[in-house]
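This report walks through one protein model together with its ligands. Please keep the sequence and the coordinates at hand while reading.

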Amino acid sequence: MYTLSLFLSLLVITVPVSAGWLKENADIMGTRITVELFHPDPAVARQGVDRVLAEMRRIDHAMSPYLATSELAQLNIRARQHAFAVSDELFTLIQRAQDFSDLTGGAFDITFASVGFLYDYRKAIRPDAARRKKAAALIDYHNLVMDKDRHTVAFSTPGVRIDLGGIAKGYAVDRCIRLLQDMGIRQALVTAGGDSRIIGDRWGRPWTIGIRDPREADKMVAVIPLMDVAVSTSGDYQRYFEEDGVRYHHIIDPQSGDSARELRSVTIIAPDATTSDALSTSVFVLGTRAGLALVNRLPGIDAILVDRHGELHYSDELQPAEAAGERHAAATRTSAH
Ligand code: AMP
Ligand code: MG
């Protein structure tokens, strides 16, 4: 038996939670947080859930682009004028984002926000072509000047902004899993929107995660059994509006400043959620060919793509014909498109 949630791009198949297991949802970081875990001592289990939710709130307060008081919002204002000193945590995450930019040839680029702030998907607002092109010229991760010794960040050009929306949720999930591990919890799932990480098994069996159909929220295109991995899905159905038959959504191609439109969804399986989060956004921008080529040359990373025609594409190790391995089990196609 499973339940489907419209809020989750990854649909977690659940059975009733029994003794020692605790499951809770909360709305934090502008998304749905789910934590499900086991500990034989109910007090420890309760504490685990509370710590996860508190950690999510802490990271949201530091990294939300929507809170004027967040460290990220402050950086966007102050780094225009001069080098702005940030916390070790923010500096390190920005550095990791820059590493993903190098790895993906600039498909992942947190300076996408130099254009991104001109869109409001809820209000169906977008820049016209001239404004978009002008702002897109500011997107380049090299426009961030990072001082490793002083932990400062400066923008080399006026108008540059950053946003960590493509990596912060995965980072938060990793932090939460670390907290739980430090408490001695060995079986858990932590999800923040489309980003999840799993430790251990669930009642002696792998966790089962479904990938939803990008066009029909209550249909799944694949179900994958997983243990001790992270999974992220990026989709064009999460934040979008349509105008004259064109879908404007929240994943921006740094080259154009416009939404990337070759794919409808990308699911990445990786050892940690920071990686799966950043790579799901990156592969979405890269498209089928370049995206799969990147995934196939990265050890320990797998991908399932749904292209703009609804066709499924798998990375080499996930080809459905292959026998299911313990960690990267072959995806089972459950509905045809
Ligand atoms: P995800 O759902 O993980 O793919 O994250 C999408 C979010 O990533 C968007 O809402 C933006 O905040 C951010 N984003 C969009 N385009 C890019 C890009 N090219 N590089 C890095 N982050 C991006
Ligand atoms: Mg992502």
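Gln-255 is an exposed residue with a relative accessible area of 74%, where exposed means over 50% relative accessible area, buried under 20% and partly exposed in between (1.4 Å probe, protein chains only). Gln-255 sits in the loop between β13 (246-249) and β14 (263-270), and its C-alpha atom is 7.8 Å from that of Ile-139, although the two residues are 116 apart in sequence. Helices and strands are named here as DSSP runs numbered from the N terminus, a helix being H or I over at least four residues and a strand being E over at least two.

The model is predicted, with local features needing a pLDDT of at least 70 and side-chain atom pairs counting only at pLDDT 80 or more, whereas totals for chains, interfaces and linings use all residues. Residues are numbered from 1 along each chain as its sequence is written, chains are lettered from A and ligands numbered from 1 in the order in which they are written, and side-chain values use heavy atoms, with hydrogens and water left out.

**The chain as a whole**

The protein chain has seven helices and 17 strands, and buried residues make up 56% of its 337 residues. Of the contacts in the protein chain with a separation of 6 or more, 61% are between residues 24 or more positions apart, contact meaning heavy atoms within 4.5 Å. The accessible surface of the chain is about 15000 Å², with 50% of it belonging to carbon and sulfur atoms; such areas come from the Shrake-Rupley method with a 1.4 Å probe, and for residues only the protein chains shown count as cover.

Asp-277 and Thr-281 are separated by about one helical turn because they are four residues apart in helix α7 (residues 273-297), and both are buried.

Ala-278 also lies in helix α7 and counts as buried, at 0% relative accessibility. Leaving out residues up to four places away in sequence, Ala-278 touches Phe-100, Phe-108, Gly-166 and Ile-167.

**The surroundings of ligand 1**

Ligand 1 is surrounded by 17 residues, the closest being Ser-234, His-250, Ile-252, Asp-277 and Thr-281; a residue belongs to such a shell if one of its heavy atoms lies within 4 Å. Helix α7 provides the largest share of this shell, three residues. By class the shell has seven nonpolar, six polar and four charged residues, with Ala, Val, Leu, Ile, Met, Phe, Trp, Tyr, Cys and Pro counted as nonpolar, Asp, Glu, Lys and Arg as charged, and the others, Gly among them, as polar.

| Residue and atom | Ligand 1 atom | Distance |
|---|---|---|
| Asp-109, polar backbone atom | nitrogen | 2.9 Å |
| Ser-234, polar side-chain atom | oxygen | 2.5 Å |
| Arg-239, side-chain N or O atom | oxygen | 3.1 Å |

Taken alone, ligand 1 exposes 490 Å², and the protein buries 96% of that area.

**Two buried polar side chains**

Asn-76, in helix α2 (residues 71-78), is buried with a relative accessible area of 11%. A polar atom of the Asn-76 side chain lies 2.9 Å from the backbone nitrogen of Ile-162, and beyond residues up to four places away in sequence Asn-76 touches Phe-155, Arg-161 and Ile-162. Gln-98, in helix α3 (residues 88-103), is buried with a relative accessible area of 11%, and apart from its neighbours within four places in sequence it is in contact with Ile-110, Tyr-141 and Leu-144.

**Positive phi in two loops**

Most residues other than glycine have a negative phi. Trp-203, in the loop between β8 (195-199) and β9 (207-212), has a positive phi near 60° and is partly exposed at 42% relative accessibility. Asp-228, in the loop between β10 (220-226) and β11 (230-235), has a positive phi near 50° and is partly exposed at 44% relative accessibility.

Technical notes: A polar contact is a pair of N or O atoms within 3.5 Å; within protein, one must be able to donate a hydrogen and the other to accept it, and residues adjacent in sequence count only if both atoms are side-chain atoms.
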